[in-house]
Amino acid sequence: MKICIDAGHYKGYNSGAVKGYFEGNVVWSLSNLQKKYLEEYEGVKVVLTRSDITKDLALSSRGALAKGCDLFISNHSNACDTESVDRAVVIHAYDNLNNAKDLGLKIANAISDTMGLKQKPQLMTRKNNSGGEYYGVLRGARATGCPRFYILEHGFHTNKACCNWLLKEANLEKLAKAEVEVIAKYYGLKKKATTVPTVWKNGSYEGKKARVTADVLNVREGRGTNFKVLGKLKKGEIINLSYCLDKWVSIAYKGGKNGMGYIHTDYLTII
């Protein structure tokens, strides 16, 4: 799955009701956290529309990066004239393309629940005078053929409580995780398997196999780097193990004394 994430604004853009709050800064942090957590899932690639926080990019350029993606998200915080407004707003395809409302509502609820917003989350759409998407990033994403595209408004930065909440990095972590969990569940994504480091003990490893984790691993004539190199193993190779002593494991190897070679266990993972 390929996902495009847009930090809606650049550094220092849109100050909030609390000193030090800038929409561009907050959504940049949030976007990068979303990328981090999404890429913990198998087969997920995330594209960011900005390579750094200072870049000011055209709406069309950002939307165009959704080409070849399954999902486009543009992160924002909202604004209005009434300080008490604090709801989450999710803007989706005007024609409910690919049942956009379904995922949109789930994300809106996740934002609202995580931030503890008092007002009911809102889904909305808007057309331009030509009958197409009003918002440039959504118009651009639709033009690429991206099946689902959204603007996520994470509360209102005209609300002091929202600003104070979003200014805390720990809260942005919670928010990113909550949104990513909704997306992962919706698309049936699975977490990548975590590799548990092998703890090597002296003794027999007969009948066990290991995978080489180094780009190139030397097979030596004895247990130690002072012994002659008999050959090399490549990353990913699977080998049969024999006996481990002092972090050196013996393997059957043609050309070695008694048909054995020795490799260091720091570059192996038992499978």
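Reader: Which residue does Glu-133 form a salt bridge with?

Author: Arg-142, and the closest N and O atoms are 3.0 Å apart. Keep in mind that this is a predicted model.

Reader: Is Glu-133 buried or exposed?

Author: Buried, because its relative accessibility is 2%. Arg-142 counts as partly exposed, at 23%.

Reader: What else is linked with Glu-133 and Arg-142 in that network of salt bridges?

Author: Asp-95. The side chains of Asp-95 and Arg-142 meet at 2.7 Å, N to O. That pair links distant parts of the chain, 47 residues apart: Asp-95 is in the loop between strand 4 and helix 3 (100-115), while Arg-142 belongs to helix 4. Asp-95 is partly exposed, with 39% relative accessibility.

Reader: How many salt bridges turn up in the whole structure?

Author: Seven. Another one of them joins the side chains of Glu-40 and Lys-191, 3.7 Å from N to O. Here the partners are 151 residues apart, with Glu-40 in the loop between helix 1 (23-38) and strand 2 (45-48), and Lys-191 in the loop between helix 6 (169-187) and strand 7 (203-204). Both ends are partly exposed: Glu-40 has a relative accessible area of 31%, and Lys-191 has 46%.

Reader: Back to helix 4, then. Which of its residues are buried?

Author: Gly-136, Val-137, Leu-138, Gly-140 and Ala-141, in a helix that covers residues 136-143.

Reader: Switching to cysteines: how many disulfides does a search find?

Author: Zero, across the whole structure.

Reader: Last topic, strand 14. How many of its residues are buried?

Author: Four of five, so residues 260-264 are mostly covered.

Reader: How many bridges join it to strand 13, and do they run parallel or antiparallel?

Author: Five bridges, and the two strands run antiparallel, with strand 13 made up of residues 248-252. Within that pairing, Ile-251 stands opposite Gly-261 of strand 14.

Conventions:
Residues numbered from 1 in each chain as written. Predicted model: local features only at pLDDT ≥ 70, side-chain atom pairs only at ≥ 80, totals over all residues. Heavy atoms only, no water. Disulfide = S-S within 2.5 Å. Buried < 20%, exposed > 50% of the residue type's maximum accessible area, 1.4 Å probe, protein only. Pairing = 2+ DSSP bridges. Salt bridge = Lys/Arg side-chain N within 4 Å of Asp/Glu carboxyl O.
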